[in-house]
Amino acid sequence: MSAQPITCQEIVELVTEYLEGTLAPEALAAFDAHLEVCPGCVTYVEQIRETVRLTGTLTEEQLEPGMREGLLAAFRDFKRG
Amino acid sequence: VQALEESQLVAALRAGDEAAFMRLVELYGPSMLRLARMFVRSQAVAEEVVQEAWVGVLRGIDRFEGRSSLRAWIFRIVANTAKTRGEREGRSVPFSALAGEEDDGPAVDPDRFRGAGDLYPGGWKSFPEPWDDVPEQRLLSQETRDVVDRTIAALPDGQKAVITLRDVVGCSAEEVCNVLDLSETNQRVLLHRARSKVRGALEQYLTAA
């Protein structure tokens with residue numbers, strides 16, 4: 001299948017659909033064909049993946065002790081009815 | 001959380017098990033705070049919302065049917081509680097309304113691409129510089145994470161809510177649509193804009209000498 005070629009400027013707007021797996025088959029073929037020949041866009045897609053990974057590291061945080069205690073107290077209150 | 005652990009936690013919570021409750025608080029508390037913060041003005045109010053939401057979880061756990069994940073169900077309660085609170089504060093714009101209105105700029109500065117008269121219109125003028133050579137230690141440093149954190153904090157509300165749930169908390173697209181009342185398309189558009197901006201900020205930070 002020969003897909004209509006797409007440009008780098010289009011790639012950067014399609015990358016989220018590409019990673020979400022929601023591109024239509026023809027657009028997906030065009031996207032993959034572009035990556036075959038364009039190291040710049042391969043880098044770009046890699047960077048978006050890396051961005052997602054680094055954003056995911058923000059979760060490693062804990063509740064403040066005051067909040068934990070408040071919730072524990074609320075739980076005990078609730079059980080007492 | 002594995003499905004098995006989830007069903008055990010649900011059963012334990014129904015039985016009034018304090019350890020199970022505190023396990024859930026540790027697991028989801030920080031994400032619930034982040035989520036609540038999307039709807040209300042201050043951290044203090046977000047904390048109240050989370051507390052109120054937990055009481056809602058305890059009240060409703062007997063009616064939880066497992067049609068969504070426990071997490072999505074809990075987040076939905078947080079979102080609803082926070083929305084009600086946000087409305088009282090006069091902050092009630094639904095995220096779906098924001099999807100179309102939030103700034104619609106391109107993912108990458110158009111200046112980085114060749115113009116219409118060029119042999120390769122729409123091609124990179126120069127390729128983005130790979131981050132392969134950036135040591136992992138620098139990528140995961142507090143400073144790099146601060147760049148990500150600050151960029152997300154400065155995003156418009158809808159984008160901030162979606163990237164927070166998807167990429168910080170780790171929800172699926174379906175969970176995000178459910179929690180924020182967004183269509184699949186709106187969810188994706190907001191995620192796209194948000195990720196593009198965070199990448200841009202990281203590029204600027206990581207490739208600056």
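**Notes on the model**

1. Let me begin with B:Gln159, which is found in helix 8 (residues 157-169) of chain B; helices are DSSP runs of H or I with at least four residues, numbered from the N terminus. B:Gln159 is buried, at 0% relative accessible area, where buried means under 20%, exposed over 50% and partly exposed in between (1.4 Å probe, protein chains only). Between B:Gln159 and B:Val176 there are 12 Å in space, C-alpha to C-alpha, and the two are 17 residues apart in sequence.

2. A word on the ground rules: this is a predicted model, in which local features need pLDDT of at least 70 and side-chain atom pairs count only at pLDDT 80 or more, while totals for chains, interfaces and linings use all residues. Residues are numbered from 1 along each chain as its sequence is written, chains are lettered from A and ligands numbered from 1 in the order in which they are written, and side-chain values use heavy atoms, with hydrogens and water left out.

3. Now the aromatic rings. Rings of Phe, Tyr and Trp (its six-membered ring) pair if their centres lie within 6.5 Å; planes under 30 degrees apart count as stacked, over 60 as edge-to-face and the rest as tilted. By this rule there are seven aromatic pairs over all chains. One of them is stacked: A:Phe75 with B:Phe21, 4.5 Å centre to centre and 15° between the planes. This pair joins two chains, because A:Phe75 lies in helix 4 (residues 65-80) of chain A and B:Phe21 in helix 2 (residues 18-37) of chain B. A:Phe75 is buried at 1%, and B:Phe21 is buried at 1% relative accessibility.

4. B:Tyr28 and B:Phe75 make an edge-to-face pair, with 6.0 Å between centres and 80° between planes. B:Tyr28 is in helix 2 of chain B and B:Phe75 in helix 4 (residues 70-88) of chain B, so the pair ties together parts 47 residues apart in sequence. B:Tyr28 is buried at 6% and B:Phe75 at 0%.

5. Have a look, too, at the aromatic cluster formed by A:Tyr44, B:Phe113 and B:Trp124.

6. Which residues of helix 7 of chain B meet helix 10 of chain B? They are B:Glu143, B:Thr144, B:Val147, B:Val148, B:Thr151 and B:Ile152, with contact meaning heavy atoms within 4.5 Å. Their partners in helix 10 of chain B include B:Ala201 and B:Tyr205.
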